[in-house]
Amino acid sequence: MKTLTCIVIGAGYAGIHAVKEIRKRFKDQVNKHSLRLVLIDKNAFHLRKVLMFRPAVTNEDIRIPLTKLFPDEVELVQAMVLNINAVEKKLVYVNDVGAEHEMNYDMLVVTVGSVIRQPDPDQGGIALTSLESAQKIRSVWLSNLQQAASESNARERERLMHIAIVGAGISGVETAAELAYYARKDGERLGLDPQAIRIELYNAHDRLFLDGPAKVGMKLERLLQDIGIDTLHNKRIIKEEDGVIWLSDGEKRSVGLCIWTLGLLPNPMVHTIGLPVISDGHVRVDVSYRVADMPGVYSIGDCAKIVDPLNGHVDGKTCKEAIPQAARLAKIMLADLEGRQAPVHESYMNLYSIGLGPGKGLTWVNKWGIDFVITGKLSWKIKEYTWDAASMLTT
């Protein structure tokens with residue numbers, strides 16, 4: 001019996017769940033299909049990207065070693081993929097010491113995810129895009145507080161204690177909420193009035209939470225206001241320079257820290273490694289996650305445009321959508337291997353859970369055409385469970 005090689009590229013949320021589900025699905029087929037399962041990622045860890053704001057407010061480590069998630073039965077390769085040769089069914093990669101190698105595959109799953117959108121370098125501020133940028137945000141903020149504690153000039157002290165967060169998607173909201181909690185704790189520890197710390201959330205649109213009903217967006221805004229965050233709608237920030245943010249309408253405001261949270265883009269490496277890409281940068285896949293014109297190659301998660309064939313709904317870039325995609329993918333791969341009818345994509349339920357700092361949150365579910373909204377500690381528990389389940393930390 002031939003041993004089949006299945007390679008998964010990318011150890012984000014979609015990638016680790018793809019490995020988990022493929023291993024589970026093929027384990028029951030050991031007498032029919034012997035499988036070598038390989039996970040390739042540039043890092044030796046899974047990064048909990050949805051928690052990127054945590055290192056900006058605490059010292060929490062949001063990395064999980066891949067050896068902890070997959071201690072056995074999965075071959076882990078730390079490397080960067082350079083090219084996929086679909087004709088010969090092999091890929092070229094450079095490992096962590098710079099050596100170039102090739103690896104043949106029978107099945108290939110591309111789950112390289114997304115990258116965080118960045119402002120132009122001359123726009124100033126700090127974009128929350130990486131562990132390093134998160135740590136820089138924390139360093140700048142603590143430095144500002146320490147300066148404010150000894151500053152005699154009232155206007156300069158006010159500037160140092162003013163944070164502007166540009167971008168009011170879920171990442172921006174959650175970053176603002178975590179700062180509202182932890183920055184005030186830090187300020188109080190330094191003898192400052194925590195209520196003097198000013199946090200503003202700049203939204204380019206006319207309301208929050210565009211993925212759900214307006215009434216839920218209004219509820220979210222009220223909850224943010226309750227924890228001391230001012231939301232400013234229809235406001236576009238052009239740049240930050242020398243402690244001043246410039247708005248598109250010509251207004252200028254003094255700030256101690258400007259943080260950009262501008263959303264996600266499909267990982268541009270999908271184009272460079274030779275995958276078919278549509279105009280918006282996503283991998284072109286069919287309703288069963290098969291990559292166009294590349295037999296044996298599949299793609300799920302943020303890097304692929306996945307559309308429900310029944311209603312045309314396009315899956316978003318959230319970890320809750322990656323989990324059911326991965327489970328369905330494993331069934332599809334086995335069906336394709338055995339020449340059976342494969343499942344097709346189905347949308348996940350309309351559900352969003354938003355963290356609003358420790359112990360607080362908002363969860364919206366639309367079921368049977370009815371909007372259900374949960375807030376407070378229960379919503380926070382749902383959010384924590386979602387984060388942990390996405391990183392395979394739940395039992």
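Q: Let's start with E10: how many bridges join it to strand E17?
A: Two bridges join E10 to E17 (residues 257-260), and the two strands run parallel. Ala127 stands opposite Trp260 in E17. Strands (E, at least two residues) and helices (H or I, at least four) are DSSP runs numbered from the N terminus, and two strands pair if DSSP finds at least two bridges between them.

Q: Which helix packs on that sheet?
A: Helix H6 (residues 170-189) does, touching strand E11 (162-166), strand E12 (198-202), E13 and E17. Its direction makes about 180° with that of E12. Touching, or contact, means heavy atoms within 4.5 Å. For the angle, axes are lines fitted to C-alpha atoms, for helices over the stretch in contact, and values run from 0 to 180 degrees between N-to-C directions.

Q: What kind of model is this, and how are residues numbered?
A: It is a predicted model, where local features need pLDDT of at least 70 and side-chain atom pairs count only at pLDDT 80 or more, while totals for chains, interfaces and linings use all residues. Residues are numbered from 1 along each chain as its sequence is written, and side-chain values use heavy atoms, with hydrogens and water left out.

Q: Thanks. Back to the sheet with E10: what is its strand order?
A: The order is E10-E17-E11-E12-E13, an open sheet of five strands with parallel pairing. Strand E10 (126-127) and strand E13 (229-232) stand at the edges with a single partner strand each, so one side of each has no neighbour in the sheet.

Q: And which strands make up the seven-strand sheet?
A: That open sheet runs E7-E6-E5-E2-E1-E8-E20, with mixed pairing. Its edges are strand E7 (100-104) and strand E20 (297-299); each has a single partner strand, so one side of each is left without a neighbour in the sheet. The twist averages 35° from one strand to the next.

Q: How do E1 and E8 pair there?
A: E1 and strand E8 (residues 107-110) pair in the parallel sense over four bridges. Cys6 stands opposite Met107 in E8.

Q: Which helices pack on this one?
A: Helix H1 (residues 13-27) packs on the sheet, touching E1, E2 and E8, and its direction makes about 175° with that of E2. Helix H9 (residues 319-338) also packs on it, touching E1, E8 and E20, at about 165° to the direction of E20.

Q: Is Thr5 buried or exposed?
A: Thr5 has 10% relative accessibility, so it counts as buried. Buried means under 20% relative accessible area, exposed over 50%, and partly exposed in between (1.4 Å probe, protein chains only). Thr5 sits in strand E1 (residues 3-9). Not counting residues up to four places away in sequence, Thr5 touches Arg36, Val38, Asn104, Tyr105, Asp106 and Met107.

Q: What about Asp41, where is it and what is the nearest side chain of opposite charge?
A: Asp41 is in strand E2 (residues 34-41). It is buried yet has no salt bridge, and the nearest side chain of opposite charge, Lys42, is 6.8 Å away. A salt bridge needs a side-chain nitrogen of Lys or Arg within 4 Å of a carboxyl oxygen of Asp or Glu. For charge, Lys and Arg count as positive and Asp and Glu as negative, while His and the chain ends are not counted.

Q: So what does the side chain of Asp41 reach?
A: It reaches the backbone nitrogen of Asn43 at 2.8 Å. That is a polar contact: a pair of N or O atoms within 3.5 Å, where within protein one must be able to donate a hydrogen and the other to accept it, and residues adjacent in sequence count only if both atoms are side-chain atoms.

Q: Last one: how do E22 and E23 pair?
A: E22 and strand E23 (residues 361-367) pair in the antiparallel sense over six bridges. Gly355 stands opposite Gly361 in E23. Five of the six residues of E22 (residues 350-355) are buried, so that strand is largely enclosed by the rest of the structure.
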